[in-house]
Amino acid sequence: MITRRRLIRSFGGLSALGVSTAAYGVGIEPVLRLGVTRYHPTPRQWPADLPLKIAVIADVHACDPWMSLERIEAIVDRTNGLDADLIVLLGDYVAGLHQVTRIIPANEWARVLAGLKAPLGVHAVMGNHDYWVDRAVQQAGYGPTVAHRALEAAGIPVYENDAVRLTKDGRPFWLAGLGDQLAFLPARRFRRTGRVGADDLTATLAKVTDDAPIILLAHEPNIAPRVPARVALQLSGHTHGGQVRLLGWSPAVPRQHGLRLAYGHVRLKCDVIISGGLGCSIMPLRVGVPPEIVEVTLGRTGPAVA
């Protein structure tokens with residue numbers, strides 16, 4: 001039988017657990033932890049004898065104190081240390097929350113990201129927050145965003161429904177970048193709009209002019225069920241892995257796709273890898289989803305999944 005004293009003790013223990021968890025989620029996991037999560041998928045469309053290592057950075061959300069320039073510099077150094085062939089940036093560079101001491105200007109965080117180096121270059125797409133904070137773009141109904149211009153000024157190309165043909169060891173492949181799928185959601189406050197996204201998957205893939213394999217960059221993973229088997233690999237962020245994840249459950253995961261497109265490696269018509277990202281959105285809190293750089297190795301010579 002549960003006594004009143006035992007019940008009070010139970011609530012006290014739960015309260016203490018809640019306080020300690022919140023303290024960890026605010027003060028430790030988002031600002032002190034940083035890991036590398038490694039995947040070695042074997043897409044049907046990717047040649048097994050073409051090794052390629054990709055480093056993935058998603059959801060930086062630059063702001064003080066949660067994602068300072070010093071922390072971004074440490075992320076850049078850690079990423080460069082992976083010796084990847086290719087580095088991709090998956091959007092949401094700007095702050096995604098209001099509990100900050102400083103919004104870091106785009107030219108400052110872009111200058112730090114310009115320190116990323118890889119033999120096949122650094123390539124970027126935009127995220128929803130990069131669009132949402134840009135009032136001028138929301139009112140006009142088209143870009144480029146401040147974040148887009150800052151990255152290109154720093155020497156990092158940004159792909160908006162575009163594709164580029166790259167080669168590794170003399171072998172070609174395509175890198176395609178999709179426009180953001182939620183870009184103009186806030187525009188409904190300013191004007192009538194029937195278009196929410198800046199994405200055009202059909203037009204993007206139409207720019208691929210041969211049968212070389214394709215890697216698709218898409219900030220939100222939601223497009224994955226529509227991506228055809230012609231694409232070997234889709235790389236996405238946006239979800240932060242739910243940002244709070246307890247015993248496999250996350251209250252922040254969108255209902256549309258549930259846990260299937262929340263985090264990790266999923267195989268649909270193409271292979272999909274969803275990064276848990278680096279920063280925070282809505283609230284400066286991470287529990288059970290430490291900030292991560294993702295390393296993806298294609299081809300038979302790569303390491304096993306870690």
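Predicted model: local features only at pLDDT ≥ 70, side-chain atom pairs only at ≥ 80, totals over all residues.

Trainee: At what angle do helix 3 and helix 4 pack?

Mentor: In general, two packed helices are described by the angle between their axes and the distance between the axes. Here helix 3 (residues 69–80) and helix 4 (residues 106–113) pack at an angle of about 25°, and their axes are 9 Å apart. Angles under 35 degrees count as roughly parallel, and helix 3 and helix 4 are therefore roughly parallel to each other. The crossing of helix 3 with helix 4 is right-handed.

Trainee: How many residues of helix 4 are buried?

Mentor: A residue counts as buried when its relative accessible area is under 20%. Helix 4 is mostly covered, with six of its eight residues buried. These are Ala-106, Glu-108, Trp-109, Ala-110, Val-112 and Leu-113. The elements that cover them include helix 3, strand 4 (86–89), strand 5 (102–103) and helix 7 (146–153).

Trainee: How do the axes of helix 4 and helix 7 cross?

Mentor: The axes of helix 4 and helix 7 come within 9 Å and cross at roughly 40°. That angle makes helix 4 oblique to helix 7. The crossing of helix 4 with helix 7 is right-handed. From helix 4, the contact draws on Ala-106, Asn-107, Trp-109, Ala-110 and Leu-113, and from helix 7 on Val-146, Ala-147, Ala-150 and Leu-151. By class, the contact of helix 4 with helix 7 has eight nonpolar residues, one polar and no charged.

Trainee: Let us turn to aromatic rings. How many aromatic pairs does the structure hold?

Mentor: A pair of aromatic rings is described by the distance of the centres and the angle of the planes. The structure holds three aromatic pairs. One of them is formed by Tyr-131 and Phe-184, with 5.4 Å from centre to centre and 70° between the planes, an edge-to-face arrangement. Tyr-131 belongs to helix 5 (residues 128–132) and Phe-184 to the loop between strand 8 (171–177) and helix 8, so the pair ties together parts that are 53 residues apart in sequence.

Trainee: Are Tyr-131 and Phe-184 buried or exposed?

Mentor: Both Tyr-131 and Phe-184 are buried.

Trainee: Where does Thr-145 lie?

Mentor: Thr-145 is in the loop between helix 6 (135–140) and helix 7. Its relative accessibility is 1%, so Thr-145 counts as buried. Asp-130 is 15 residues away along the chain, yet the C-alpha atoms of Thr-145 and Asp-130 are separated by 6.8 Å.

Trainee: Which peptide bonds are cis?

Mentor: Two cases may be considered. A cis peptide bond joins Gly-143 to Pro-144, with omega near 5°; Pro-144 lies in the loop between helix 6 and helix 7. Asp-64 and Pro-65 are also joined by a cis bond, with omega about 5°. Pro-65 is placed in the loop between strand 3 (63–64) and helix 3.

Trainee: What is the phi of Asn-161?

Mentor: Asn-161 has a positive phi of about 60°, although it is not a glycine. Asn-161 lies in the loop between helix 7 and strand 7 (162–168) and is buried, with a relative accessible area of 11%. His-240 likewise has a positive phi of about 60° without being a glycine. His-240 is found in the loop between strand 10 (233–236) and strand 11 (264–267), and at a relative accessible area of 3% His-240 is buried.

Trainee: Which residues does Thr-204 touch?

Mentor: Not counting residues up to four places away in sequence, Thr-204 touches Asn-161, Asp-162, Ala-163, Ala-176, Gly-177 and Leu-178. Thr-204 is part of helix 8 (residues 201–206), and at 0% relative accessibility Thr-204 counts as buried.

Technical notes: Residues numbered from 1 in each chain as written. Heavy atoms only, no water. Helix = DSSP H or I, 4+ residues; strand = E, 2+ residues; numbered from the N terminus. Buried < 20%, exposed > 50% of the residue type's maximum accessible area, 1.4 Å probe, protein only. Contact = heavy atoms within 4.5 Å. Phe/Tyr/Trp six-rings, centres within 6.5 Å; stacked < 30°, edge-to-face > 60°. Axes fitted to C-alpha atoms, helices over the stretch in contact; angles between N-to-C directions. Parallel < 35°, antiparallel > 145°, perpendicular 65-115°, else oblique. Left-handed = near helix turned anticlockwise from the far one by under 90°. Nonpolar A, V, L, I, M, F, W, Y, C, P; charged D, E, K, R; others polar.
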